Amino acid sequence: MTVESDVQAVASQTRLGAADRLQPVFLLAAIGIGLAIGRLAPAAATIAANAVSAGVFVLIALVLLNVNPRNVAATFARKRFLAAAIMLNFAVNPVMAWVLGGMFLADEPDLRIGLILFLVTPCIGWYLIFTEIAGGDTELGVGLLGVNVILQILLLPVYLALFVGAAGTVDIATILRSIALYLVLPAVAAAAIRGWWAHQGRSASVEQERLRLSACKTATLAVVIVSMFASQSDAIFDDLDAVGRLVAPMVSFFVLAYCIAVTAARRLGLPHDQTALLVFTTSSRNSEASLAIAATAFVSPLVGLTVALGPVIELPLLVIMTRLLRRRAS
């Protein structure tokens with residue numbers, strides 16, 4: 001390597017470090033911009049809601065450009081990680097959701113039901129995005145998704161019966177549609193791009209660096225956050241009392257989920273990439289599935305409102321978690 005290339009490499013690392021430091025500020029500013037747009041331009045809410053789905057699709061496709069499908073199957077050999085992820089997602093988190101609902105919303109049964117419904121459904125999309133931002137193992141994350149989906153479908157009726165007191169209806173079609181939209185189709189698009197690069201004799205990592213796809217991911221995530229908060233601004237401002245009641249139990253959940261995941265990873269001796277994945281697979285929630293269940297299985301609109309407000313509280317906390325994890329790794 002020449003002296004000039006050494007200088008360029010150092011300069012590149014400096015730029016990346018500055019970008020990493022500014023990213024949380026950039027993303028948190030997107031929240032304020034989204035709320036302002038939703039409040040000042042209500043007509044933009046519908047457009048913003050559509051932009052969320054499109055943006056998440058693009059984000060996951062960009063994330064999956066780094067995933068080699070040949071390595072996904074091998075992830076199931078990481079038994080300690082898988083055992084920890086399953087235990088936290090499907091045993092610890094549901095109990096924690098039930099306890100927090102009883103502590104903070106005992107006199108608000110509809111909000112309590114919505115809280116529990118939102119918190120017992122592991123995410124099938126967001127966790128891959130934030131795992132990559134935090135330097136986590138996205139290949140292992142893709143392999144984990146199948147386990148999460150199967151257990152979610154099997155256990156949701158049990159959670160609803162035990163913690164909510166109603167069997168409810170698990171909308172399997174909605175979950176499968178979300179998987180197709182937020183995993184299968186982005187994976188096909190990413191594989192097609194990787195295949196085209198390989199056919200052209202180009203390296204995927206070099207092409208991503210040349211196209212500055214890391215910056216594209218951050219910009220796309222900012223657009224998604226702006227769109228989400230713009231589309232939910234009416235729900236936030238029209239029922240500030242409900243929002244206020246939900247902040248404490250939801251923030252408590254995400255703080256506890258983060259601390260428990262990091263502690264479990266430390267006890268198991270997991271490396272940083274698996275620690276980051278464990279944090280986000282056990283903290284990110286599946287708002288699409290829980291919204292569908294709220295709309296079909298419960299009469300009170302407060303149940304649906306709680307689930308709709310969940311990502312509004314969740315997103316800034318996920319951004320903060322990426323910062324904390326990156327600091328731990330440095």
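1. In which helix is L268 found? L268 lies in helix 12, which covers residues 240-268; helices (H or I, at least four residues) and strands (E, at least two) are DSSP runs numbered from the N terminus.

2. The model is predicted: local features need pLDDT of at least 70, side-chain atom pairs count only at pLDDT 80 or more, and totals for chains, interfaces and linings use all residues. Residues are numbered from 1 along each chain as its sequence is written, and side-chain values use heavy atoms, with hydrogens and water left out.

3. The protein chain contains 15 helices and zero strands. Of its 330 residues, 49% are buried; buried means under 20% relative accessible area, exposed over 50%, and partly exposed in between (1.4 Å probe, protein chains only). The accessible surface of the chain is about 14800 Å², and carbon and sulfur atoms account for 67% of that area. These areas come from the Shrake-Rupley method with a 1.4 Å probe, and for residues only the protein chains shown count as cover.

4. Contact means heavy atoms within 4.5 Å. Among contacts between residues at least 6 apart in sequence, 85% join residues at least 24 apart.

5. L268 illustrates such a link. With neighbours up to four places away in sequence set aside, L268 touches R80 and A84. The C-alpha atoms of L268 and R80 are separated by 7.2 Å, although the two residues are 188 residues apart along the chain. L268 is partly exposed, because its relative accessible area is 27%.

6. A84 belongs to helix 4 (residues 79-104). Its relative accessibility is 10%, so A84 counts as buried. Beyond its neighbours within four places in sequence, A84 is in contact with L268 and L278. A84 and A265 are 181 residues apart in sequence, and their C-alpha atoms are 8.2 Å apart in space.

7. Helix 2 (residues 44-64) has 21 residues, and at 1.5 Å a residue it should span 30 Å; the end C-alpha atoms are 30 Å apart, which agrees. The expected span is 1.5 Å times one less than the number of residues. The buried residues of helix 2 include A45, V52, L59 and L64.

8. The structure holds two aromatic pairs. The ring centres of F253 and F254 are 5.3 Å apart and their planes lie at 85 degrees, so this pair is edge-to-face. Rings of Phe, Tyr and Trp (its six-membered ring) pair if their centres lie within 6.5 Å; planes under 30 degrees apart count as stacked, over 60 as edge-to-face and the rest as tilted. F253 is buried, with a relative accessible area of 0%, and F254 is buried at 1%.
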